[in-house]
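Please read it alongside the sequence and the model.

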Amino acid sequence: MRRTFDAIVLGAGGAGLMCAAQAGQRGRKVLLIDHADQPGKKILISGGGRCNFTNIHTAPDRYLSNNMHFAKSALGRYAPDDFIALVDRHRIAWHEKTLGQLFCDGSARQIVAMLMEECARGQVRISLGKPIGEVDHADGQFRVRCGGEEMVAPALVIATGGPSIPKMGASGFAYDLARKFGLEIVEPRPALVPLTLGDGDSLFQSLSGVAADVVARCGKSAFREAALFTHKGLSGPAILQISSYWRPGREIGIDFLPSAAENWLRDAKRARPKTHFHTLLGELLPGRLAEALTKRLGLWGELANMPDRTLEKAERQLADWMFRPDGTEGFAKAEVTAGGISTDGLSSRTMEARTVPGLYAIGEAVDVTGWLGGYNFQWAWASGWAAGQML
Ligand code: FDA
């Protein structure tokens, strides 16, 4: 059987749902297809089940991409306030948790239900649970085979995300399809992902479960948030953030005492000479971490017995402790995929492919990756909205 539409959207995640709803409400006949048995699976598990649906500090410099300017247009035209207005229209209660991150008071299910209602308002047809077969393009029409049927439309939207968390149905399908239509792919890599440490850092691996407020740095990028030691290496928000900037072979610097004043160790020696170094550190850091750092620094004993130069050096080391991760926990644990469909081949205003009229790419499938904290959903909504105005 052959069915015709104005647009076919592949992928019913945040970006695809937003795009389909927009186009449908503009009077277009839209088909939304997903191989998963329910829409918005990543929305459902996001934000610990409460969906951190946007960030009020959204700005283009909080996104990674080979083209730092690409996200500006969509993010500027569909801002956090627009999504908040939608959430408010659906009477979904929300709160700001920290750092501008907005979460549902209730459940992420409310966001999926809201997007499904928006799709219903636009009379979007939805096909779930069937794998997408052959996709081709001829005479200005895209043909998609799915579940023994052939769907035809003059517009096709790639919204199938990236390969992070494959057990949830994530795949590299977007890249295969984009390549087929001549679009370039920026090497995909796991981002917002825990980092692993080799055997050389076994002292720190023994700290599994210990967390501390730190500044994590890589090159010029730095994030002050919690870091968590795991049995494989390092995790926690500060590490997930910096992981997006990390590349194999590079070092990560950790400031374990971001609030400490300059010369605090020397001053402590003057004020409390009988205090042991590890006791002092233990007042500022979790005990196990204080012990491990003291061991690495080899500074056992009273501050009074430590030369000022030694304390100054220790202060510098504690403010910029270098780790060389040997890898990441990979796509299986990555919250997002960095890289993806190159923005070079897309219009930043419409998300349409420059060389294939009618072909669009949105959301995580594209080489635009946000910081942790609601930025990635904001990109999904904004890019989906931008394409949805054009179909
Ligand atoms: P998304 O991956 O959501 O959707 C793609 C859709 O395409 C899926 O429904 C999938 O089934 C479908 N698909 C894939 N391959 C297919 C194929 N071959 N055929 C048919 N369909 C196919 N971000 C944020 O801003 N705030 C947060 O709180 C969180 N929390 C969070 C937690 C966890 C555990 C993860 C893994 C991720 C987050 N994120 C997040 C990131 C956020 O989930 C992500 O950026 C968006 O879901 C991306 O939306 P997309 O619609 O682009 O892709």
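## Salt bridges

The side chains of K41 and D37 meet in a salt bridge with an N to O distance of 3.5 Å, a salt bridge being a side-chain nitrogen of Lys or Arg within 4 Å of a carboxyl oxygen of Asp or Glu. K41 is partly exposed at 26% relative accessibility, whereas D37, with a relative accessible area of 58%, is exposed (buried means under 20% relative accessible area, exposed over 50%, partly exposed in between, with a 1.4 Å probe and protein chains only). This is a predicted model, in which local features need pLDDT of at least 70 and side-chain atom pairs count only at pLDDT 80 or more, while totals for chains, interfaces and linings use all residues. Residues are numbered from 1 along each chain as its sequence is written, and side-chain values use heavy atoms, with hydrogens and water left out.

By this rule the count comes to 16 salt bridges. One of them joins E149 to R3, the closest N and O atoms being 3.4 Å apart; because E149 lies in strand β11 (residues 149-153) and R3 in strand β1, the pair ties together parts that are 146 residues apart in sequence. Here helices (H or I, at least four residues) and strands (E, at least two) are DSSP runs, numbered from the N terminus. E149 counts as buried at 18% relative accessibility, and R3 is partly exposed at 27%.

## The four-stranded sheet

Four strands in the order β1-β11-β10-β9 form an open sheet with mixed pairing, where two strands pair if DSSP finds at least two bridges between them. β1 (2-4) and β9 (132-138) stand at the edges with a single partner strand each, so one side of each is left without a neighbour in the sheet. β9 pairs with β10 (residues 141-146) in the antiparallel sense over five bridges, and A138 has Q141 in β10 as its bridge partner.

## Helix packing

The axes of helix α9 (residues 264-271) and α12 come within 8 Å and cross at roughly 135°, which makes α9 oblique to α12. Axes are lines fitted to C-alpha atoms, for helices over the stretch in contact, and angles run from 0 to 180 degrees between N-to-C directions; those under 35 degrees count as roughly parallel, over 145 as roughly antiparallel, 65 to 115 as roughly perpendicular and the rest as oblique.

In the contact (heavy atoms within 4.5 Å), residues of α9 including W264 and L265 meet residues of α12, among them L311 and L318.
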